[in-house]
Amino acid sequence: MAGVVVKGHFPRRRIVQIVFANVTRYLFRGAARNWLRNIGSTAPALSSMTLLLLLSGLVGMVGFALHNLEQAQAAQASLLHVYMRDGVPSTDVDVLWDRLAKDPRVASVTYVTKAEALARASRMPGLPQLAAASDGNPFPASLDVRVRSIDYAAAIDSLVRTDIAVDPQDPTSYDRGAYQRIQAVLFGLAVAGSAFLLLLGFVAVTVTMNSIRAAIHSRRDEVTIMQLVGAPRWMVRGPFVVEGAITGALSGALAGLITFGLAIAAMAAGPASFTQFAPGVTVTVAAVAAALVFATGLGLGSGSSLISVRRHLES
Amino acid sequence: MRPILEFTAVTRAYGPRLALDDVNLALEPGELTFLVGPSGAGKTTLLKLINREIRPTSGEIWVDGIAAHALKASRVSQLRRHVGVVFQDFKLLPRLTAKENVALALQVGDLSISDDEASERAMDALEAVGLGDRGGSFPHQLSGGQQQRVAVARAVVGQPRLLIADEPTGNLDLETSWQMMDLFADIATFGTAVLIATHNVEIVTRLQRRVMTLVQGRLVRDQPAGRTGRMAWLASS
């Protein structure tokens, strides 16, 4: 009807620019416009996702602190104090030292004198009072044995407790159940934390999927028309995925900022107690946690909207 | 010359009911053809099969060399760029102007078309349908006939080899309907095959173009252009 359209030969760069501009318009600008237009229906998803991501960020940081605590406990449990009998000859100590140093399960052996033991105790809460109440030095000399794995601690304890150089009353610092109890508690917390995070993730995905489903239904006619005029699948589905990504990214950014702010505020409020209760949680760790919360929001938003689009949008 | 549209033994069933039963047809370039029949005869089903809104239960459908019957869902958009479609309810995007509606159809099919070129070609198409001065109007600012013209401009702006129209005069008065038919005839003279599903007996009989009659899913009559036949389906409608 309108005759043949003569197309000029554009340079490749110009064509790339045009394609880029069109993709940006149909995919991103359109999605941003629709997202703003549907802010009323998106707001519940945005707020609940922000809350869920914030909780995830806090749970993640608590998990990180607990992990550090567990590492510290493991390091402590792998250090065995073998207490020397009072007045033991140095030759007996040397023999035991040699025996332990040659054992493949032992990483290192260090001799701690009574004076060093007293000095160490004076730095520990409660022990200086104990030292002051005694006439002499109540702390025994010891061999501090670091085992390669805490699984070897029991065997080394059995090996040394009958040795002639070792105090028969209080031979070692080994407490069979202590580390296992800590591990059991931390494992329980890890399982509970993971289940909580999974639940939060499920809720976040469901909420976003529903908001995208609502967006698809509200624009059903528009989608149909786009499909009927030959719009490719990515052009029809893409804007919905971008909308989900916008919701996720905004929720993530907001939750990340709050997570970071809360961590910084807690650090500033009581630096000493914070280090004790949340070992290893520094400003850098808080920033990384905030970035992870943002990335999680972006991923959850895009992923859940992609699922929703695949489920609710026909080809 | 190879047909633009070819149906070979096409059957489409909805459950136990046959909407189309063993339909064979071919459309040549530049041919304006009416598809008539009573309600429920299968006209809309036939048009939906061409545009691959639905798949045939059996048989082959070739549209401008594309096997529509075997097309993957991801490739349907490619087929639709070869087919212009005009709907009874226009299906214009309400938030876009007439010109933007027409330009959209161009750019979704070819992202390398710039805004300027799309705008220029959209205006050409709107002028061709007599709406050169209404490009900036939104659909709700246009009459039914004008909206249908925008829909026609959108359908032909990409210069498809085949144009299908489902009851394009269903929402229009008689005078506007005649104008639309003149427009379709003009489009056909430029080599586009035009297939119009309609109930409008007066238009069909007066224009004396090729008429295919569907009754209960079967193509019962294929009357060549220039012959005035009896509308057999009227008796059963």
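Which residues touch the most other members of the largest nonpolar core? They are Leu35(B), Ile50(B), Val102(B), Ala125(B), Ala153(B), Ile164(B) and Phe184(B), in a core of 75 residues. A nonpolar core is a set of buried Ala, Val, Leu, Ile, Met, Phe, Trp, Tyr and Cys residues joined through C-beta atoms within 7 Å. Buried means that 20 or more other C-beta atoms, placed from the backbone, lie within 10 Å of the residue's own.

This is a predicted model: local features need pLDDT of at least 70, side-chain atom pairs count only at pLDDT 80 or more, and totals for chains, interfaces and linings use all residues. Residues are numbered from 1 along each chain as its sequence is written, while chains are lettered from A and ligands numbered from 1 in the order in which they are written.

Helices (H or I, at least four residues) and strands (E, at least two) are DSSP runs, numbered from the N terminus. Another core lies apart, with 36 residues, including Ala31(A) and Phe260(A). Leaving aside neighbours within four places in sequence, Leu35(B) contacts Lys43(B), Leu46(B), Leu195(B), Ile196(B), Ala197(B), Met212(B) and Leu214(B). Contact means C-beta atoms, placed from the backbone, within 7 Å.

**Sheet of chain B**

Six strands form an open sheet in the order 6-7-8-3-9-10, with mixed pairing. Strands pair if DSSP finds at least two bridges between them. Strand 6 (83-86) and strand 10 (218-223) are the edges. Strand 3 (residues 32-36) and strand 9 (residues 210-215) run parallel over 4 bridges. Val36(B) stands opposite Thr213(B).

Angles run from 0 to 180 degrees between N-to-C directions of axes fitted to C-alpha atoms, for helices over the stretch in contact.

| Helix (chain B) | Strands touched | Angle |
|---|---|---|
| Helix 5 (residues 144-156) | strand 6, strand 7 | about 170° with strand 6 |

**Chain A and the interface**

Chain A has 11 helices and 3 strands. Its C-alpha trace spans about 115 × 40 × 35 Å along its principal axes. Of its 315 residues, 30% count as buried.

In the interface, 19 residues of chain A contact 27 residues of chain B. Helix 1 (12-37), helix 8 (220-228) and helix 9 (233-269) of chain A each give two or more residues to that side. Helix 1 gives the most, with 5 residues.

Notes
Contact = placed C-beta atoms within 7 Å. Buried ≥ 20, exposed ≤ 12 C-beta atoms within 10 Å, placed from the backbone.
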